[in-house]
Amino acid sequence: MKRLFVSAVLVVFCACTFVFGQASAAGQMISSADLKSDLAILRRAYEQLHPGLYRYNTKAQMDASFADLERQFSRDMSLREAYVKISVFLAKVKCGHTYTNFYNQPKSIVEALFKGKNRVPFYFRWLDGQMIVTRSFDADTNIKPGTEIVSINGTQAKEILEKLMTIARADGSNDAKRVSYLEVGGNDRWEAFDIYFPMFFPPKALQMELVMRPIGSSKTVKALVMPLTDEERKAARLSDPEDPKNDKPAFTLERPDSSTAILRMPTWALYNSKWDWKKFVDETFDRLIDEKVANLVIDIRANEGGQDVGDAVISRIADHEIVLSKTRRLVRYQKVPTDLIPYLETWDRSFDDWGKSASEKAGDFYILRRYDDDERGSVIKPSGRRYMGRVFVLVGAVNSSATFQFAQTVKLNKLATLVGQPTGGNQRGINGGAFYFLNLPKSKIEVDLPLIGQFPIIEAPDTGIEPDIHVRPTATDIAAGRDTELATVKSMTQK
């Protein structure tokens, strides 16, 4: 008995030491002078290079935002607080590719801010402002799929969502994307809620106090639970899609019945993968054709984007050349100012000087002709044998880059039926294509800086892409383990 008591004390001591160590690193102070020095570099880089800085804000609005951040930097503050302040500022740009990218931070930032025993012991979705559990890792049987988490450590879930929306990245007014960004589902190595929740709401005890409402009940119950560490959360995932050394197949093909196939594509971010995804796509469509599969379901709900995998898919389902939604690629500069180069990392130094490919002015921009000189816009040509079955694409708010563009092209050309919720991204165009990783030298915080702005030729709404068939899961669906979108497609294919 004495031995068990000593073990328990050691566990608590180690946990306290771990939490304290993380808090100490995150609490390291940065002087006001250093913060303002970093802000001057951030402002100069963004005003000189960012193509979307004034897409959803006027210059006066951005000037006011810069001035507000400078006022906040008039005092010394901790690394954690500085990271939050910069994140809130960047979210005001309303660009889905403008943020303090978790994957590009130096090791010191990762160790200080991204780890700790502070993860909620469950996955969840936000449904109409309610935090609904989708999977639990705690022994408490009350925490199960469909359960509503009413509050955490005394803070109402709606207040948590409202606060975290101030750092959520998305294009324009697409708040559905912002909400989905703040869900936890084990789909990414780092998830925004895991990182920002303890920053906005620092834990005051080792245990978390939850107030929950079981599915179908009007009463609430309380529970004290142990939060998870980053490593415990990581171990809960079945795979690590963001692992740069992961050369295993990223897509799967399932055959629930003889007439239907489900092509699951959870990520197209395969830049560092040696897996031949193009070969997989071609072999998959050849197989579907040979086996005369009548219905193909392409699931990209958890896929934010990456490479243009969608073009390869479209080339196998289209019977004619597909002209992508015509946009102009615009950049804000021809050549990067020399004094900014030391702070800008990238994989392609040719971004430093666009040369003759950006020689034609268009207002405050230069037209970039490096990637596409075809006046019709980018074209996808049919390739190989055409798959002629019915195609359904499962979409949602996560789709905001290459998957947004895929959904847009599919819908405009009636190549497939979109099923689910409105996508992320924005029809007014997005920023991306080429990037700098802006390293702020004093705080060591990294900020992503997209370089190419895509602007539609004709006026477009400030929204994502609407699905052809709207399907919205409920807490009851989650409790029953029902895939609502897939069930909807199944009912259509059986008619």
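## Buried charges

A residue counts as buried when its relative accessible area is under 20%. By that cut-off arginine 189 is buried, and so is aspartate 230. The model is a predicted one, and in it these two residues form a salt bridge whose closest N and O atoms are 3.0 Å apart. Arginine 189 belongs to the loop between α7 and α8 (192-200), while aspartate 230 is in helix α9 (residues 230-236), so their pairing ties together parts that lie 41 residues apart in sequence.

## Other salt bridges

Across the whole structure, 34 salt bridges are found. One of them joins aspartate 128 to arginine 472, with 3.1 Å between the closest N and O atoms. This pair links distant parts of the chain, 344 residues apart: aspartate 128 sits in the loop between β3 (122-127) and β4 (130-136), and arginine 472 in the loop between β22 and α13 (475-480). Aspartate 128 counts as exposed because its relative accessibility is 64%. Arginine 472, at 47%, counts as partly exposed.

Glutamate 304 and arginine 169 form another salt bridge, the closest N and O atoms being 3.0 Å apart. Here too distant parts of the chain are linked, 135 residues apart: glutamate 304 is in the loop between β11 and α11 (309-317), and arginine 169 in the loop between α6 (157-164) and α7 (175-181). Glutamate 304 has a relative accessible area of 27% and is therefore partly exposed. Arginine 169 has a relative accessibility of 9%, so this residue counts as buried.

Salt bridges with shared partners also make one network out of Glu254, Arg264, Asp299, Arg301, Asp483 and Glu485.

## The mixed sheet and its helices

An open sheet is built from six strands in the order β9-β10-β11-β18-β19-β22, and its pairing is mixed. At the edges are β9 (252-257) and β22 (469-470), each of which pairs on one side only. Within the sheet, β18 (residues 390-395) and β19 (residues 417-420) run in the parallel sense and pair over four bridges. Leucine 394 stands opposite valine 419 in β19.

Helix α14 (residues 484-493) packs on this sheet and touches β10, β11, β18, β19 and β22. The direction of α14 makes about 160° with that of β18. Helix α10 (residues 277-290) lies across β9, β10 (260-264) and β11 (295-299), and runs at about 20° to β9.

## Helix α11

Helix α11 is largely enclosed by the rest of the structure, because seven of its nine residues are buried. The buried residues are Val309, Gly310, Val313, Ile314, Ser315, Arg316 and Ile317. Their cover includes the helices α10 and α12 (402-412), along with the strands β11, β12 (322-323), β17 (379-380) and β18.

## The antiparallel sheet

An open sheet with antiparallel pairing has six strands in the order β14-β20-β21-β13-β16-β15. Its edge strands, β14 (344-345) and β15 (360-362), each pair on one side only. Strand β13 (residues 327-331) runs antiparallel to β21 (residues 446-456), and four bridges join the two. Threonine 327 has proline 456 in β21 as its bridge partner.

Note on methods
Residues numbered from 1 in each chain as written. Predicted model: local features only at pLDDT ≥ 70, side-chain atom pairs only at ≥ 80, totals over all residues. Heavy atoms only, no water. Pairing = 2+ DSSP bridges. Contact = heavy atoms within 4.5 Å. Axes fitted to C-alpha atoms, helices over the stretch in contact; angles between N-to-C directions. Salt bridge = Lys/Arg side-chain N within 4 Å of Asp/Glu carboxyl O. Buried < 20%, exposed > 50% of the residue type's maximum accessible area, 1.4 Å probe, protein only.
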